Amino acid sequence: AKVTIPEGKSVILDVSPPPLGSITVMGKLTFSDARDLELTTEWIMVHGELEVGTEAKPYTHKATITLTDNVKGEEMMGMGDRGIMLSGGTLNLHGTRTNTWTKLAKTAPAGSGSIEVLNASQWQVGDEIVLTSTDFDPRQAERRTIASVSGNTLTLDKPLQYMHFGKITFDVDQRGEVANLTRNIKIQASADAEQSYKGGHIMAMVTSRMFVSGVELNRMGQHMELARYPIHWHLVGDGGKGQYIRNASIHDTYNRCVTVHGTHNLQVENNVTYNTVGHCFFLEDG
């Protein structure tokens, strides 16, 4: 099914619908914050507004948008396929997380089943975290799930394979970072992207606006495809002022992370990324 929300009409999504072929938003589509919601669709074209929470009132439940690729090779207004695509539209995505990363409070030895960090506020059982490598080998970064939280001590779902350094030595802070990858708003491609490397993408054209905070982007970006990135401001110019992506988690991507192309004065702040292909934060004529 293809769904169109006409100009001037506002629709509140308060139940998870069956998979949709596509959604065109001329008016406004809002996610209700009364319950967890899932929306599965080929693509969403936004000329009006798509809202999941606001800056003043972030979304508190779980919202998941999954982008499928059942119809191959669609080309929507020069923005391709399998995306949330904005042509003169507004995207408001506001999750609850602001504590996106911290540091180890002390060294975690290899084999340890728990770690102590500087600040575990907002972090919860079931969250996925990444301990960065503190060795010369970047592949010693380790992904774990939080099994329990006690203050700033996190029990892990399985022991660490490597040592992660957590000390200040000779006044140099060498404490390893720990990033939280879990957010209550998730935008992702369906699992077939793990084989095709054609993930989802979010793209804003001129006169569009994006205000994104506390969002998780997973299986995003389309490998070796120009202008198909997890989140992408494309030639918005000075209209970028006031726009932002903050407190986001961008992981397991196939073509960069954040691309700012010909767009000025927007803010990219306090985001964490892991296991990504290509330049992560890419400033193109910006």
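1. Start with the cysteines: C257 is buried, and so is C280. Buried here stands for under 20% relative accessible area, exposed for over 50%, and partly exposed for what lies in between, using a 1.4 Å probe and protein chains only. The two form a disulfide, with their sulfur atoms 2.3 Å apart; the cut-off for calling a disulfide is a pair of cysteine sulfur atoms within 2.5 Å. The torsion about the S-S bond of C257 and C280 is about -95 degrees, so this disulfide is left-handed. C257 sits in the loop between β25 (249-251) and β26 (258-263), and C280 in the loop between β28 (272-274) and β29 (281-284), so the pair ties together parts that are 23 residues apart in sequence. The structure holds one disulfide.

2. A word on what you're looking at: this is a predicted model, where local features need pLDDT of at least 70 and side-chain atom pairs count only at pLDDT 80 or more, while totals for chains, interfaces and linings use all residues. Residues are numbered from 1 along each chain as its sequence is written, and side-chain values use heavy atoms, with hydrogens and water left out.

3. Next, β20 (residues 201-204). Both faces of this strand are covered: H201 and M203 on one side, and I202 and A204 on the other, are all buried. Strands are DSSP runs of E with at least two residues, helices are runs of H or I with at least four, and both are numbered from the N terminus. Strand β9 (residues 83-86) pairs with β20 in the parallel sense over four bridges, and M85 stands opposite M203. Strand β23 (residues 231-237) also pairs with β20 in the parallel sense, over three bridges, with I202 opposite I231. Two strands count as paired if DSSP finds at least two bridges between them.

4. There's also an open sheet of six strands, in the order β11-β18-β13-β14-β15-β12, with antiparallel pairing. Its edge strands are β11 (101-103) and β12 (114-116), each pairing on one side only. Within the sheet, four bridges join β14 (residues 142-150) to β15 (residues 153-156), which run antiparallel. S148 stands opposite T155 in β15.

5. On to the aromatics. Rings of Phe, Tyr and Trp (its six-membered ring) pair if their centres lie within 6.5 Å; planes under 30 degrees apart are stacked, over 60 edge-to-face, and the rest tilted. That rule gives two aromatic pairs. Y197 and Y254 are edge-to-face, 5.6 Å centre to centre with 75 degrees between the planes. Y197 lies in the loop between α1 (193-196) and β20, and Y254 in the loop between β25 and β26, so the pair ties together parts that are 57 residues apart in sequence. Y197 is partly exposed at 43% relative accessible area, whereas Y254 is buried at 9%. F211 and Y244 are also edge-to-face, 5.7 Å centre to centre and 65 degrees between the planes. F211 is in strand β21 (residues 209-213) and Y244 in strand β24 (residues 244-246), 33 residues apart. F211 is buried, and so is Y244.

6. Two arginines are worth a look too. The charged end of R246 sits over the ring of Y244, 3.7 Å from its centre, and R256 lies over the face of F282, at 3.6 Å from the ring centre. The test is NZ of Lys or CZ of Arg within 6 Å of the ring centre and within 35 degrees of the ring normal.
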